[in-house]
Amino acid sequence: MTLIHWHPKQIKRILVIKMRYIGDTVLATPLLQALKMAMPWAKLYFLVNTDTADIIKNQPVIDHVISFDNHRKKRDMGYLIRFARNLRRFEFDMVLDLARNDRSALFTFISGAPIRLGYTGAGRVQKKAYTHEIPYHFGTIHTVDHHLEMAATLGIPVIDRHPHLEVGDSARKAVRQILQQTGVSENSSFVLIHPGARRWYKSWPMERFSRLADRIMDHYPVQIVLSGGSEDQKACKIIAAGMRHPAVDMSGKIPLSQLPALIRESILLIGNDSAPIHIATAVHTPVIALFGPTRWEDWQPRREQDTILGVSFACRPCGHALPDCRYGDAYCMSEITEEMVWNAVNCQVET
(Lines give C-alpha, C1' and ligand atoms only; values in the text may rest on other atoms or scores of the structure.)
Protein backbone atom coordinates (compact mmCIF):
# COMPACT_ATOMS: atom_id res chain seq x y z
CA MET A 1 0.00 0.00 0.00
CA THR A 2 1.37 3.38 -0.99
CA LEU A 3 1.76 6.07 1.65
CA ILE A 4 -0.67 8.95 1.51
CA HIS A 5 0.50 12.58 1.34
CA TRP A 6 4.12 12.11 0.41
CA HIS A 7 5.69 14.01 -2.44
CA PRO A 8 8.99 12.64 -3.82
CA LYS A 9 10.22 16.01 -5.06
CA GLN A 10 10.07 17.36 -1.51
CA ILE A 11 12.49 14.68 -0.29
CA LYS A 12 16.05 16.06 -0.20
CA ARG A 13 17.70 13.88 2.45
CA ILE A 14 16.93 10.23 3.21
CA LEU A 15 18.31 8.18 6.08
CA VAL A 16 18.25 4.37 6.03
CA ILE A 17 19.15 2.65 9.32
CA LYS A 18 20.56 -0.89 9.39
CA MET A 19 22.70 -1.27 12.51
CA ARG A 20 23.35 -4.99 12.34
CA TYR A 21 26.04 -7.33 10.99
CA ILE A 22 28.03 -7.26 7.75
CA GLY A 23 25.75 -9.59 5.84
CA ASP A 24 22.64 -7.68 6.94
CA THR A 25 24.25 -4.48 5.69
CA VAL A 26 24.95 -5.96 2.26
CA LEU A 27 21.38 -7.26 2.00
CA ALA A 28 20.06 -3.71 2.40
CA THR A 29 21.68 -2.57 -0.86
CA PRO A 30 18.70 -3.45 -3.13
CA LEU A 31 16.54 -1.03 -1.14
CA LEU A 32 19.25 1.64 -1.34
CA GLN A 33 19.41 1.14 -5.11
CA ALA A 34 15.63 1.46 -5.43
CA LEU A 35 15.55 4.68 -3.38
CA LYS A 36 18.37 6.25 -5.37
CA MET A 37 16.84 5.35 -8.72
CA ALA A 38 13.46 6.75 -7.69
CA MET A 39 14.89 9.96 -6.19
CA PRO A 40 18.31 10.63 -7.77
CA TRP A 41 18.19 14.24 -6.61
CA ALA A 42 17.99 13.24 -2.94
CA LYS A 43 21.04 12.69 -0.73
CA LEU A 44 21.05 9.14 0.59
CA TYR A 45 22.55 8.51 4.05
CA PHE A 46 23.13 5.04 5.49
CA LEU A 47 23.50 4.53 9.25
CA VAL A 48 25.39 1.37 10.21
CA ASN A 49 27.55 0.08 13.05
CA THR A 50 31.23 1.01 12.92
CA ASP A 51 32.16 -2.66 12.57
CA THR A 52 30.34 -2.88 9.23
CA ALA A 53 30.95 0.56 7.74
CA ASP A 54 33.99 -0.45 5.66
CA ILE A 55 31.97 -2.92 3.59
CA ILE A 56 29.69 -0.16 2.31
CA LYS A 57 31.97 2.88 2.09
CA ASN A 58 32.66 4.34 -1.35
CA GLN A 59 29.57 2.76 -2.87
CA PRO A 60 28.19 5.12 -5.56
CA VAL A 61 24.58 4.62 -4.51
CA ILE A 62 25.28 6.06 -1.03
CA ASP A 63 26.10 9.72 -0.57
CA HIS A 64 27.13 9.48 3.10
CA VAL A 65 27.81 6.59 5.47
CA ILE A 66 27.15 7.40 9.14
CA SER A 67 28.74 4.95 11.56
CA PHE A 68 27.66 4.37 15.14
CA ASP A 69 30.32 3.02 17.50
CA ASN A 70 28.40 0.00 18.81
CA HIS A 71 31.20 -0.84 21.25
CA ARG A 72 30.43 2.30 23.26
CA LYS A 73 26.66 1.89 23.41
CA LYS A 74 26.47 0.23 26.83
CA ARG A 75 28.99 2.26 28.78
CA ASP A 76 28.94 5.75 27.26
CA MET A 77 25.59 7.48 27.56
CA GLY A 78 27.23 10.78 26.67
CA TYR A 79 28.30 9.39 23.31
CA LEU A 80 24.77 8.19 22.61
CA ILE A 81 23.30 11.61 23.40
CA ARG A 82 25.87 13.46 21.28
CA PHE A 83 25.33 11.07 18.40
CA ALA A 84 21.57 11.55 18.52
CA ARG A 85 21.90 15.34 18.61
CA ASN A 86 24.26 15.36 15.64
CA LEU A 87 21.88 13.13 13.71
CA ARG A 88 19.10 15.69 14.06
CA ARG A 89 21.29 18.38 12.48
CA PHE A 90 21.12 16.64 9.12
CA GLU A 91 17.44 17.64 8.86
CA PHE A 92 16.30 14.45 7.16
CA ASP A 93 13.03 14.45 5.23
CA MET A 94 12.57 10.68 5.43
CA VAL A 95 13.92 7.91 7.64
CA LEU A 96 13.57 4.17 7.01
CA ASP A 97 14.37 2.03 10.05
CA LEU A 98 15.30 -1.51 8.99
CA ALA A 99 16.76 -2.46 12.38
CA ARG A 100 13.57 -2.40 14.52
CA ASN A 101 15.09 -2.04 17.97
CA ASP A 102 14.96 0.59 20.70
CA ARG A 103 18.17 2.32 19.64
CA SER A 104 17.28 2.57 15.94
CA ALA A 105 13.78 3.71 16.87
CA LEU A 106 15.24 6.39 19.12
CA PHE A 107 17.45 7.68 16.30
CA THR A 108 14.47 7.59 13.92
CA PHE A 109 12.36 9.67 16.29
CA ILE A 110 15.12 12.14 17.20
CA SER A 111 15.89 12.73 13.52
CA GLY A 112 12.76 14.86 13.37
CA ALA A 113 12.01 13.70 9.82
CA PRO A 114 8.37 14.28 8.83
CA ILE A 115 8.23 10.78 7.27
CA ARG A 116 9.53 7.96 9.48
CA LEU A 117 8.96 4.35 8.44
CA GLY A 118 9.33 1.33 10.70
CA TYR A 119 7.95 -2.15 11.16
CA THR A 120 4.82 -3.18 13.05
CA GLY A 121 4.78 -5.31 16.16
CA ALA A 122 7.50 -3.35 17.95
CA GLY A 123 7.38 -2.05 21.51
CA ARG A 124 6.03 1.25 22.73
CA VAL A 125 9.26 3.13 22.01
CA GLN A 126 9.21 2.06 18.37
CA LYS A 127 5.53 2.79 17.88
CA LYS A 128 6.00 6.40 18.95
CA ALA A 129 9.03 6.75 16.69
CA TYR A 130 7.29 5.99 13.41
CA THR A 131 4.78 7.99 11.40
CA HIS A 132 4.03 4.97 9.23
CA GLU A 133 4.30 1.28 10.06
CA ILE A 134 5.11 -1.51 7.60
CA PRO A 135 3.99 -5.13 8.19
CA TYR A 136 6.77 -7.09 9.88
CA HIS A 137 7.44 -10.26 7.89
CA PHE A 138 10.99 -10.95 9.00
CA GLY A 139 11.62 -14.68 9.28
CA THR A 140 8.82 -15.60 6.86
CA ILE A 141 10.15 -14.14 3.59
CA HIS A 142 13.60 -13.43 2.18
CA THR A 143 15.37 -10.63 4.05
CA VAL A 144 15.85 -8.59 0.86
CA ASP A 145 12.14 -8.84 0.06
CA HIS A 146 11.39 -7.82 3.64
CA HIS A 147 13.45 -4.65 3.18
CA LEU A 148 11.89 -3.96 -0.20
CA GLU A 149 8.41 -3.85 1.32
CA MET A 150 9.47 -0.36 2.38
CA ALA A 151 9.84 0.53 -1.32
CA ALA A 152 6.48 -1.05 -2.13
CA THR A 153 4.80 1.01 0.60
CA LEU A 154 6.33 4.15 -0.87
CA GLY A 155 5.23 3.17 -4.36
CA ILE A 156 8.85 2.96 -5.53
CA PRO A 157 9.63 0.46 -8.31
CA VAL A 158 12.23 -2.24 -7.69
CA ILE A 159 14.50 -3.13 -10.60
CA ASP A 160 16.85 -5.60 -8.94
CA ARG A 161 16.28 -7.85 -5.91
CA HIS A 162 19.93 -8.92 -5.66
CA PRO A 163 22.49 -7.19 -3.42
CA HIS A 164 25.15 -5.24 -5.23
CA LEU A 165 28.60 -3.91 -4.33
CA GLU A 166 30.80 -1.98 -6.72
CA VAL A 167 34.44 -3.11 -6.86
CA GLY A 168 36.81 -0.67 -8.52
CA ASP A 169 39.85 -1.54 -10.60
CA SER A 170 42.18 -0.04 -8.01
CA ALA A 171 40.77 -2.30 -5.27
CA ARG A 172 41.15 -5.38 -7.46
CA LYS A 173 44.72 -4.41 -8.35
CA ALA A 174 45.61 -3.90 -4.67
CA VAL A 175 44.23 -7.32 -3.76
CA ARG A 176 46.08 -8.96 -6.62
CA GLN A 177 49.32 -7.47 -5.34
CA ILE A 178 48.67 -8.91 -1.87
CA LEU A 179 47.85 -12.28 -3.41
CA GLN A 180 51.09 -12.30 -5.39
CA GLN A 181 53.04 -11.58 -2.23
CA THR A 182 51.46 -14.62 -0.58
CA GLY A 183 51.96 -17.05 -3.45
CA VAL A 184 49.07 -16.60 -5.91
CA SER A 185 50.47 -15.77 -9.35
CA GLU A 186 49.08 -12.81 -11.27
CA ASN A 187 47.00 -14.79 -13.78
CA SER A 188 46.21 -17.76 -11.55
CA SER A 189 42.61 -18.80 -10.95
CA PHE A 190 41.70 -19.58 -7.38
CA VAL A 191 38.80 -20.93 -5.37
CA LEU A 192 38.14 -19.08 -2.13
CA ILE A 193 37.13 -21.05 0.96
CA HIS A 194 35.74 -19.09 3.90
CA PRO A 195 35.28 -21.55 6.80
CA GLY A 196 34.21 -19.04 9.44
CA ALA A 197 30.74 -18.34 10.79
CA ARG A 198 29.39 -16.01 13.44
CA ARG A 199 28.14 -19.01 15.44
CA TRP A 200 30.12 -22.23 15.79
CA TYR A 201 27.10 -24.41 15.11
CA LYS A 202 26.84 -22.96 11.57
CA SER A 203 30.29 -24.29 10.62
CA TRP A 204 30.90 -27.19 8.26
CA PRO A 205 33.48 -29.66 9.71
CA MET A 206 37.02 -28.42 9.05
CA GLU A 207 38.34 -31.83 7.97
CA ARG A 208 35.77 -31.83 5.17
CA PHE A 209 37.00 -28.46 3.96
CA SER A 210 40.52 -29.94 3.88
CA ARG A 211 39.51 -32.99 1.86
CA LEU A 212 37.35 -30.92 -0.48
CA ALA A 213 40.18 -28.44 -1.10
CA ASP A 214 42.57 -31.27 -2.00
CA ARG A 215 39.99 -32.81 -4.28
CA ILE A 216 39.52 -29.52 -6.12
CA MET A 217 43.27 -29.12 -6.64
CA ASP A 218 43.55 -32.76 -7.79
CA HIS A 219 41.05 -32.18 -10.58
CA TYR A 220 41.33 -28.52 -11.58
CA PRO A 221 44.25 -26.16 -12.35
CA VAL A 222 43.38 -23.76 -9.55
CA GLN A 223 44.82 -22.67 -6.25
CA ILE A 224 42.96 -22.74 -2.95
CA VAL A 225 42.86 -19.53 -0.93
CA LEU A 226 41.57 -19.58 2.65
CA SER A 227 40.01 -16.35 3.90
CA GLY A 228 38.63 -14.93 7.10
CA GLY A 229 39.21 -12.41 9.82
CA SER A 230 41.63 -12.77 12.70
CA GLU A 231 39.01 -14.85 14.52
CA ASP A 232 39.14 -17.40 11.68
CA GLN A 233 42.91 -17.87 11.64
CA LYS A 234 42.83 -20.95 13.86
CA ALA A 235 40.30 -22.71 11.64
CA CYS A 236 42.22 -21.80 8.48
CA LYS A 237 45.46 -23.13 9.96
CA ILE A 238 43.76 -26.43 10.83
CA ILE A 239 42.29 -26.74 7.33
CA ALA A 240 45.64 -25.96 5.67
CA ALA A 241 47.45 -28.43 7.93
CA GLY A 242 44.97 -31.15 6.98
CA MET A 243 45.57 -30.72 3.25
CA ARG A 244 48.01 -32.62 1.03
CA HIS A 245 48.36 -29.64 -1.31
CA PRO A 246 49.57 -26.22 -0.17
CA ALA A 247 46.88 -23.62 0.39
CA VAL A 248 47.32 -19.86 0.54
CA ASP A 249 46.10 -18.66 3.92
CA MET A 250 44.83 -15.06 3.73
CA SER A 251 43.01 -15.09 7.06
CA GLY A 252 43.65 -11.91 9.02
CA LYS A 253 45.51 -10.34 6.07
CA ILE A 254 42.68 -8.70 4.15
CA PRO A 255 40.77 -5.79 5.75
CA LEU A 256 36.99 -5.72 5.43
CA SER A 257 37.20 -2.89 2.90
CA GLN A 258 39.15 -5.16 0.51
CA LEU A 259 37.14 -8.35 1.04
CA PRO A 260 34.72 -7.63 -1.85
CA ALA A 261 37.70 -7.26 -4.19
CA LEU A 262 39.25 -10.52 -2.97
CA ILE A 263 35.98 -12.37 -3.52
CA ARG A 264 35.50 -10.69 -6.91
CA GLU A 265 38.90 -11.97 -8.03
CA SER A 266 38.06 -15.59 -7.16
CA ILE A 267 36.27 -17.92 -9.56
CA LEU A 268 34.17 -19.43 -6.77
CA LEU A 269 33.48 -18.93 -3.07
CA ILE A 270 32.64 -21.84 -0.80
CA GLY A 271 31.47 -20.77 2.64
CA ASN A 272 29.18 -21.22 5.59
CA ASP A 273 26.14 -19.11 6.38
CA SER A 274 28.05 -15.87 6.99
CA ALA A 275 28.72 -12.46 5.42
CA PRO A 276 31.06 -13.58 2.57
CA ILE A 277 28.31 -15.54 0.81
CA HIS A 278 26.29 -12.31 0.57
CA ILE A 279 29.31 -10.34 -0.56
CA ALA A 280 29.98 -12.98 -3.23
CA THR A 281 26.55 -12.67 -4.80
CA ALA A 282 26.81 -8.88 -4.49
CA VAL A 283 30.01 -8.85 -6.60
CA HIS A 284 28.71 -11.52 -9.03
CA THR A 285 31.09 -14.28 -7.94
CA PRO A 286 29.50 -17.76 -7.95
CA VAL A 287 28.97 -19.08 -4.44
CA ILE A 288 28.31 -22.43 -2.79
CA ALA A 289 26.60 -21.55 0.48
CA LEU A 290 26.34 -24.13 3.27
CA PHE A 291 23.31 -23.77 5.54
CA GLY A 292 22.43 -25.78 8.65
CA PRO A 293 20.21 -24.45 11.45
CA THR A 294 19.25 -21.24 9.62
CA ARG A 295 16.19 -20.82 7.40
CA TRP A 296 18.10 -20.44 4.15
CA GLU A 297 14.88 -19.36 2.44
CA ASP A 298 15.26 -16.03 4.26
CA TRP A 299 18.98 -15.50 3.62
CA GLN A 300 20.14 -17.42 0.56
CA PRO A 301 22.00 -15.80 -2.34
CA ARG A 302 19.55 -15.93 -5.24
CA ARG A 303 21.46 -15.32 -8.45
CA GLU A 304 21.22 -18.09 -11.04
CA GLN A 305 24.90 -18.94 -10.54
CA ASP A 306 24.52 -19.40 -6.76
CA THR A 307 24.20 -22.85 -5.16
CA ILE A 308 22.57 -23.46 -1.77
CA LEU A 309 23.24 -26.66 0.15
CA GLY A 310 21.35 -27.45 3.32
CA VAL A 311 19.28 -30.11 4.98
CA SER A 312 15.80 -29.45 6.32
CA PHE A 313 14.93 -30.42 9.88
CA ALA A 314 11.75 -30.03 11.89
CA CYS A 315 13.71 -28.06 14.52
CA ARG A 316 14.95 -25.50 11.99
CA PRO A 317 15.47 -22.57 12.45
CA CYS A 318 17.55 -23.01 15.57
CA GLY A 319 19.42 -20.42 17.58
CA HIS A 320 20.99 -23.17 19.66
CA ALA A 321 19.43 -21.78 22.82
CA LEU A 322 20.08 -25.02 24.68
CA PRO A 323 23.63 -25.80 25.87
CA ASP A 324 23.72 -28.94 23.73
CA CYS A 325 21.83 -30.10 20.66
CA ARG A 326 20.01 -33.34 21.39
CA TYR A 327 21.15 -34.65 18.01
CA GLY A 328 24.83 -33.85 18.55
CA ASP A 329 26.99 -30.75 18.24
CA ALA A 330 27.50 -30.88 14.48
CA TYR A 331 24.22 -32.53 13.53
CA CYS A 332 22.94 -29.96 11.04
CA MET A 333 26.15 -29.20 9.19
CA SER A 334 27.37 -32.81 9.18
CA GLU A 335 24.35 -33.75 7.07
CA ILE A 336 25.91 -31.77 4.22
CA THR A 337 28.21 -34.40 2.79
CA GLU A 338 31.53 -33.86 1.08
CA GLU A 339 30.06 -35.45 -2.05
CA MET A 340 27.22 -32.92 -2.13
CA VAL A 341 29.65 -30.02 -2.07
CA TRP A 342 31.99 -31.69 -4.57
CA ASN A 343 29.14 -32.15 -7.05
CA ALA A 344 28.25 -28.49 -6.65
CA VAL A 345 31.88 -27.52 -7.30
CA ASN A 346 31.89 -29.55 -10.52
CA CYS A 347 28.75 -27.82 -11.73
CA GLN A 348 30.24 -24.40 -10.99
CA VAL A 349 33.78 -24.84 -12.29
CA GLU A 350 32.86 -26.69 -15.47
CA THR A 351 30.20 -24.20 -16.59
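Colleague: Is Tyr119 buried or exposed?

Modeller: This is a predicted model, and the values are computed from it. Buried means under 20% relative accessible area. Tyr119 has a relative accessible area of 0%, so the residue counts as buried.

Colleague: How are the ring planes of Tyr119 and Tyr136 arranged?

Modeller: The ring centres of Tyr119 and Tyr136 lie 5.7 Å apart, and rings pair if their centres lie within 6.5 Å. Their planes stand at 65°, and planes over 60 degrees apart count as edge-to-face. The pair of Tyr119 and Tyr136 is therefore edge-to-face.

Colleague: Which residue lies over the face of Tyr136?

Modeller: Tyr136 is partly exposed, with a relative accessible area of 31%. A charge sits over a ring if, among other conditions, CZ of Arg is within 6 Å of the ring centre. At 3.6 Å from the ring centre of Tyr136, the residue over its face is Arg100.

Colleague: How many residues apart in sequence are the parts that Tyr45 and Phe92 tie together?

Modeller: The rings of Tyr45 and Phe92 have centres 5.0 Å apart and planes at 80°, so they form an edge-to-face pair. Tyr45 belongs to strand β2, whereas Phe92 is in the loop between α3 and β4. The pair therefore ties together parts whose separation in sequence is 47 residues.

Colleague: Is Lys234 buried or exposed?

Modeller: Lys234 is part of helix α9, residues 233-241. Exposed means over 50% relative accessible area. With a value of 65%, Lys234 is exposed.

Notes: Residues numbered from 1 in each chain as written. Predicted model: local features only at pLDDT ≥ 70, side-chain atom pairs only at ≥ 80, totals over all residues. Heavy atoms only, no water. Helix = DSSP H or I, 4+ residues; strand = E, 2+ residues; numbered from the N terminus. Buried < 20%, exposed > 50% of the residue type's maximum accessible area, 1.4 Å probe, protein only. Phe/Tyr/Trp six-rings, centres within 6.5 Å; stacked < 30°, edge-to-face > 60°. Lys NZ or Arg CZ within 6 Å of the ring centre and 35° of its normal.
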